[in-house]
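Please work through each task before reading its solution.

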Amino acid sequence: MPMSQSFKDCLFPNLSEIAEYYGTPFHIYDEAGIRETGRRLQAAFAHIPEFREYYAVKALPNPKILEIMRSMGFGFDCSSVTELVLSRGVGARGDDIMFTSNNTSREEFLAAEAEGGCILNLDDISLIPKVPEMPELISFRYNPGPRRIGNGIIGNPVEAKYGVSHDQIALAYRQAKARGARHFGLHTMLASNELNYAYMVQTARTLLELAEQLQDQVGITFRFINIGGGLGIPYEPGVAPLDLDALGREITELFLAFNRRNGYAPALFMESGRYMTGPHGVLVVKAINRKEIYRTYIGVDGCMNALMRPALYNAYHHIEVLGKGPEQRSEIVDVVGSLCENNDKFAIQRPLPPLEDNDILIIEDSGAHGHAMGFNYNGRLRPKELLLRADGSVDLIRRAETAEDYFATLDFVPRTLHF
Ligand SMILES: *Cc1c(COP(=O)(O)O)cnc(C)c1O
């Protein structure tokens, strides 16, 4: 269920001209679609008094996208210093930011504390004495270990490097309290690209139950629980989307029940990245070569440095061809980039319409973990990013990398350490 019809209706009629004007390859994102998903997310949790989405910055770390998120009232989930800088750059302060790093450095703690701070979410009990100044509000990321089964991308919790173990979690809150923390949050992130809403309901249940146990054991209450990201999107046509309304309804029931038992309920935070922007971006490339050896290869002018999910996870990304409808899918091809890596393929043995040089290909669902995962191996430069505005205009929101960017780190003052 890749691109929405409205994105397509808005983009395709002008795509030749956009490609002509800006030059391929590029990612282009759909502002109207992102806002619509944001509205649906808020509507699904409207009956939880304090619901807030903290957009996972890593999914699409572009200031223009973050501005859209902020205008919808969302906060930001950060896990590096540069993500903090980006979020603060669009005006986020204090509890607009949740900082969840892993293997946290002192430099990261200092950056988290600076400029009005943020909500600090600690990944391990050993980090408590390393926090330079214990904030009033502290959160821990919980790893349930064998109590939960993980999913494909994140893996089995027992083998995952994230979070505080079940046996350590009560002690972690006690120690944080002893260091001066007064308010508490509880976080976990167990799944990635999960399409079964019931899994996420179970995650909320796990956290609410744990919060009740910790209330008894440690004598604290919880400001929020954060169920992390991981809401899935259907990359392949014919796959049913996540049932967001059912997710909202069942989690809301859990919160009402919690409230009845405890006389209060924490806020609900979520950190969706993929769900918010994944379907609202596409990578647009141009066919530049057609090679017929043992298989037919369609060479395009972008490569896996613009979208590495197919190479990294063997992920399916739907591809359409401008002006050639699905009824014309009559040949089986591999769609490839130019990198010296045989997994530099956007599609493998995919039925597509007969392709010629200069055909425009739309590689769908590139709006999360697409450009952001880009890299420079083989001296390949990352492409530009465009934003299709709600009024139909198209803004450049990141230029393409240049050779000067690539060589910039070779411009330094020479140093030698002599012995
Ligand atoms: C990656 C990540 C997210 C976002 O995940 P999505 O699958 O894009 O929703 C949220 N929180 C944390 C801690 C993450 O590491």
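**Exercise 1.** How many residues of domain 1 are in contact with residues of domain 2?

*Solution.* The model is predicted, with local features requiring pLDDT of at least 70 and side-chain atom pairs pLDDT 80 or more, while totals for chains, interfaces and linings use all residues. Residues are numbered from 1 along each chain as its sequence is written, and side-chain values use heavy atoms, leaving out hydrogens and water.

Begin with the bounds: domain 1 spans 93-272 and domain 2 spans 278-399, as given by an automatic or database domain assignment. Their centres, taken over C-alpha atoms, are 35 Å apart. With contact meaning heavy atoms within 4.5 Å, 6 residues of domain 1 meet 8 residues of domain 2.

**Exercise 2.** Characterise the area buried between domain 1 and domain 2.

*Solution.* Buried area is the accessible area (1.4 Å probe) lost by two parts on being put together, summed over both. Here it is about 640 Å², with carbon and sulfur atoms giving 68%. The side of domain 1 that touches domain 2 comprises 5 nonpolar residues, no polar ones and 1 charged; Ala, Val, Leu, Ile, Met, Phe, Trp, Tyr, Cys and Pro count as nonpolar, Asp, Glu, Lys and Arg as charged, and the others, Gly among them, as polar.

**Exercise 3.** Why is the pair of Tyr-173 and Phe-184 edge-to-face?

*Solution.* Rings of Phe, Tyr and Trp (its six-membered ring) pair if their centres lie within 6.5 Å; planes under 30 degrees apart are stacked, over 60 edge-to-face and the rest tilted. The structure holds 9 aromatic pairs. For Tyr-173 and Phe-184, the ring centres are 5.8 Å apart and the planes lie at 70°, so the pair is edge-to-face.
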